[in-house]
Amino acid sequence: METVPRSTPTPEWVLARRRQIGNQIRAARLHANLTQEQVAHLVPMDRATYNRIEQGHAAPQLDTLILIAHVIGVDLAHLVR
């Protein structure tokens, strides 16, 4: 019987894309003149988690991305282009 690993490493191209999306979130937030603290409060989530999303260290759920886009005032598509 073949065993399946419990988790597989995330491919580097996915991590790079996650960082790119984080950069787009940050740029949109700055354009809206919002701080990380303001966005995190309105989502709601703690600022450290929000920071990890912008840095590309965390993989947010789709609902979280929708909330971030709403709070910043942009379409979700704008954040993930």
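## Helices and overall form

The protein chain has 5 helices and 0 strands; helices (H or I, at least four residues) and strands (E, at least two) are DSSP runs, numbered from the N terminus. Read from the N terminus on, the order of elements is α-α-α-α-α. This is a predicted model, in which local features need pLDDT of at least 70 and side-chain atom pairs count only at pLDDT 80 or more, while totals for chains, interfaces and linings use all residues. Residues are numbered from 1 along each chain as its sequence is written, and side-chain values use heavy atoms, with hydrogens and water left out.

Along its principal axes, the C-alpha trace spans about 55 × 25 × 20 Å. The chain has 81 residues, of which 31% count as buried. Buried means under 20% relative accessible area, exposed means over 50%, and partly exposed lies in between (1.4 Å probe, protein chains only). Contact means heavy atoms within 4.5 Å. Among contacts between residues at least 6 apart in sequence, 56% join residues at least 24 apart.

Helix α4 covers residues 62–72, and its buried residues are Thr 64, Leu 65, Ile 68, Ala 69, Val 71 and Ile 72. These residues lie on the same side of α4 because they cover an arc of only 165° around the axis. The arc is that of the directions from the helix axis to the C-beta atoms. On the other side of α4, the residues Leu 62, Asp 63 and His 70 are exposed.

The cover over the buried residues of α4 includes α1 (12–31), α2 (36–42), α3 (47–55) and α5 (76–79). Gly 73 follows α4, and the phi of Gly 73 is positive, near 90°.

## Salt bridges

Side chains of opposite charge can pair when their charged atoms come close. A salt bridge is counted when a side-chain nitrogen of Lys or Arg is within 4 Å of a carboxyl oxygen of Asp or Glu. A search of the whole structure finds 3 salt bridges. In one of them, Glu 12 pairs with Arg 19, and the closest N and O atoms are 2.8 Å apart. Arg 19 counts as partly exposed because its relative accessibility is 35%.

Arg 26, Arg 29 and Glu 54 are linked in a network of salt bridges. Glu 54 meets Arg 26 at 3.5 Å, N to O. This pair links distant parts of the chain, since Glu 54 is in helix α3 and Arg 26 is in helix α1, 28 residues apart. Glu 54 also meets Arg 29, at 2.6 Å, N to O. Arg 29 lies in helix α1 and Glu 54 in helix α3, so this pair ties together parts that are 25 residues apart in sequence.

## Around Glu 54

Glu 54 has a relative accessible area of 0%, so it counts as buried. Arg 29 is buried as well, with a relative accessible area of 7%, whereas Arg 26, at 22% relative accessibility, counts as partly exposed. Leaving out residues up to four places away in sequence, Glu 54 touches Gly 22, Asn 23, Ile 25, Arg 26, Arg 29 and Gln 36.

## The largest pocket

Rolling a probe the size of a water molecule over the atoms shows where empty space is left. Here a 1 Å grid is laid over the protein atoms alone: a cavity is a set of points where a 1.4 Å probe fits but cannot get out, and a pocket is an open set with protein on both sides within 12 Å along at least five of seven lines. Lining residues have an atom within 4 Å of a point. Grid points are joined across faces, edges and corners, and a volume is the space filled by probe spheres set on the points.

The largest pocket has a volume of about 150 Å³. The largest share of its lining, 7 residues, comes from α1. Residues lining the pocket include Trp 13, Val 14, Arg 17, Ile 53, Pro 60 and Leu 65. By class, the lining has 9 nonpolar, 1 polar and 2 charged residues. Ala, Val, Leu, Ile, Met, Phe, Trp, Tyr, Cys and Pro count as nonpolar, Asp, Glu, Lys and Arg as charged, and the others, Gly among them, as polar.

## His 31

His 31 lies in helix α1 and, at 71% relative accessibility, counts as exposed. His 31 and Arg 17 are 14 residues apart in sequence and 21 Å apart in space, C-alpha to C-alpha.
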